[in-house]
Amino acid sequence: MAAQPVPHPSTDRRRVKVYELRNNDWFDRGTGFCTATFNASEDGHQRDARVIVESEDQPGRTLLETRICKEDGFHKQQETLIVWTEPTNGVDMALSFQEAEGCAMIWKFINSIQQQYNPTNAQDDSPSDDLAMEAANPITLPEVSMSNLADIETQMRMLTSTMGGREALTKYVIAENYIDKLIPVVSDAEDLESLGDLHRLCNIVKTIILLNDTAIIEHAVSDACVIGVVGALEYDPDFPSHKANHRQWLQGEGRYREVVRIEDSNITKKIHQTYRLQYLKDVVLARILDDNTFSVLNSLIFFNQVDIVQHLQGNSSFLGELFNIFKSGQDLTRKKEAVLFIQQCLAIAKNLQPPARQTLYNNFIAHGLLQVIHFGLRSIDVAVRVGATDILVSMIDHDPQMIRQMIYRQIHEKQPQLTDTLIDLLLVETDLGVKSQISDTLKVLLDQGPPMQAEAFAKANGEYAARARLAQAPDPQQDHFLGLFYEKSAGKLFQPLMNLQDRTDMEFAHVEASAFTYLVEILCFFVRQHQHRSKFFVMNNDIVLRISQLLQSPEKFLKLVAVRFLRHLVGSQDEFYIKHLAEKRVIEPVLDLLIKTMPRDNLISSACLELFEHIKKENIKELVKHMVENYREKLQSLSYMELFRTLILRYDQTSGFTTNMDYFLESEEDGSRDRRRNRPPPQRNPMEHLTMDDAQEEYWNTSDDEDDLQVRPSDRTLPANGESPSTKLLVDYASDEELDDNIEAGAIAGDENKPEERHQKAEGPMVAVPPPERVSEKRRREEDEEDDLSKMIQHKRRNSTSGPNSSSTSPSPLRKKKAVAGARDSGGAPKKIAISLTSTAKTGDD
């Protein structure tokens, strides 16, 4: 085999950016230094050629290491780009060199390696079978003429069916300048009105472009060839009776305007090339593009845009002249073109990496971008307003805090605020798209972060809760900005709603009606985000009443807007808004609207029903009571639905009393105490109106300990000292204050006196012991004593000091219930409770 020239490795380090294609978007993997060299084996022999990129920021980190092989398909684009596809994972990669010299040096090494894999003029008389199979045979196409178009189309179709044929055809088209030879034939065919030849020319040009070679595509969109290429593509054989007008669109002189002259001819060329590539991708070839061609076109567009933006933002003289247009007395036409030019620059910047995009925004803001936005928003030209709004939205999407800082600076310098300009535009704008963008912009600028949730701080550790609240503290500048907004700007924003106060006719113009939709949407956002400020504003300006007037409008969407706002207030679960709705009696118009539309099932009736369903589901008692007490007849007219029957029944079952939910949310300690007392919830006793006879009252008022002290009439004996026999006592329940005092005083030491009581019982006459109690009562008493024990642990220290004083007096029957728990808290061992199921009773000596 003939000897091949050995390529010399490139040892010079060239600064380069590494890009990776992810989801049709180029991702910047970092900046580093590129070298192309051979990877040596352990025995010192050269093994394979590799391209290596080491990180600039982290010298020890490798950004890229790829082996040059015959499957890669390296391509050089323009002067500073090398693109290829990794054979291992199929990912498209790209190297963007800082200097064209470095790109040429690396490409020379890569090209020499690939020529070894695909030799075109091998001198060996007996090449190997592998090399013979991979070698691309030179091809020859017929001479370009109208008579040979059919043969050219057929041969191209056959060549593109194989990979080797595609590569050979690509090299032939580039070497022979085949596109330049086809362009004159297009004019000849049009002059002869030969539609068949024009269809063949269209297929030939499509085949050449779909070879996916960047050099061919760049040449096809050059100034010399683009008109001829798109002219051939106008005659699509799939639509033989139609002809496109691509040339008329691209030849229009008004398509390209220079607001400020760009001195660099290379940048001007890239601007034209980018526009033509986008038109080719989105219009001309949109129907026939495959994934590979689409990726190649996107890559060319992306790298051109990067070069354009980098040149513009680094040219201070250009930016100064551009933004001086808005500072001087220039004509409105030039100012309009400047706004649209800045809009296009920021639209291109969306495809850049965040650091490069941030640099562009900073440069524009430093030169006066805010003044451009002010001019555009106040312009009478719709295109200028749309452009200025698009500029503002682009900046907010990138970094809303950047715009807030600009507003803070305006407040400090006593300048008109950007929010006031947005409010003026929102109220007069007729374009619904601009209204929507302005509404979203105001909500973003006035957003002070997520509202503080009470449950987020319901922790046992108070220090953690305080620390969390400190972290959620609002920005002082933002808080000051919100204060000024509610003081000066909020009234102007919601003035259309306030003007409804003395209005009886609810028919509005289209612009005015659409404004109510966005105003109510903004107001719902304020209610959710601005807690105390929104409450004060809603209450002082009767916003709820004004919005409820929209329920009388003949427009259905305005009725839905009003219902949605009331539903938002009810869903906030805020006691202030619930009481405010009841006070302003705004539920009645919703009921009237539901009664009026209920025979039909539509969106209005569904929205109203969902509002009342939420009231029932969340058991908002204030509104339930308000509706039943004031609109009972209207609710009864809707009682054929279970929803309203339930609301009326729920009110009637409580006899007008709304149960205090705080009772059910008490701690387990309080709950056990209430269970022991066997009393209904405090302050709300629905059973107070019931009457009981004497026997029932005596049964419920009798303490369990008194039952222990009772004796049967047949076994009753007199004490030794001649006192009258014990009678059954009727004991009133202690009040809450008395019970708390007893607990704090530690009246739980009854068991400490039990030895003395047993001694006294031993000396005196024997008293008959009552029969054993039922097992159910014993178990209930045992559960009550366990509840008392859990409650008394926290009072152990105070009980230990107050125990002797309380033991000197005889405990009352009510206090005897706590005897066991008190004995345990005073330090004694827990005493076992014996349950006897026999008729034998133990005496006190046992």
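## Meeting the chain

The chain holds 40 helices and seven strands; helices (H or I, at least four residues) and strands (E, at least two) are DSSP runs, numbered from the N terminus. This is a predicted model, in which local features need pLDDT of at least 70 and side-chain atom pairs count only at pLDDT 80 or more, while totals for chains, interfaces and linings use all residues. Residues are numbered from 1 along each chain as its sequence is written, and side-chain values use heavy atoms, with hydrogens and water left out.

Of the 846 residues in the chain, 42% are buried. Here buried means under 20% relative accessible area, exposed means over 50%, and partly exposed lies in between (1.4 Å probe, protein chains only). The chain exposes about 46600 Å², with carbon and sulfur atoms supplying 49% of it; accessible areas come from the Shrake-Rupley method with a 1.4 Å probe, and for residues only the protein chains shown count as cover. A contact means heavy atoms within 4.5 Å. Among contacts between residues at least 6 apart in sequence, 67% join residues at least 24 apart.

## How confident is the model?

The predictor's confidence in each residue is its pLDDT, from 0 to 100. The chain has a mean pLDDT of 74, and 68% of its residues reach 70 or more.

Over residues 706–731 pLDDT stays under 50, and the model has 28 contacts beyond four places in sequence for them. Over residues 743–771 it also stays under 50, with 49 such contacts.

## The nonpolar cores

A nonpolar core is a set of buried Ala, Val, Leu, Ile, Met, Phe, Trp, Tyr and Cys residues joined through side-chain atoms within 4.5 Å. The largest one has 130 residues, of which Leu322, Ile342, Leu493, Phe494, Phe565, Phe612 and Phe644 touch the most other members. Helix H23 (residues 510–529) gives this core its largest share, ten residues. Apart from it lies another core of 46 residues, including Val144, Val173, Leu201 and Leu211.

Take a look at Ile342: leaving aside residues up to four places away in sequence, it touches Leu322, Phe323, Phe326, Phe364, Leu369, Val372 and Ile391.

Helix H11 (residues 291–313) is mostly covered, with 17 of its 23 residues buried. At 1.5 Å a residue, H11 should span 33 Å, and its end C-alpha atoms are 33 Å apart, which agrees. The expected span is 1.5 Å times one less than the number of residues.

Helix H32 (residues 642–653) contains Ile648, which counts as buried because its relative accessibility is 10%. Beyond four places in sequence, Ile648 touches Val628, Arg632, Leu635 and Gln636. Asp424, in helix H18 (residues 418–428), has 31% relative accessibility and so counts as partly exposed. Asp424 touches Arg378 and Lys492, not counting residues up to four places away in sequence. Asp424 and Leu493 are 69 residues apart in sequence but 7.9 Å apart in space, C-alpha to C-alpha.

## A pair of strands

Strand E6 (residues 81–85) and strand E7 pair in the antiparallel sense over five bridges; two strands pair if DSSP finds at least two bridges between them. Val83 has Ala94 in E7 as its bridge partner. Six residues lie between the strands of this hairpin, where Gly90 takes a positive phi near 75°. E7 (residues 92–97) is mostly covered, with five of its six residues buried.
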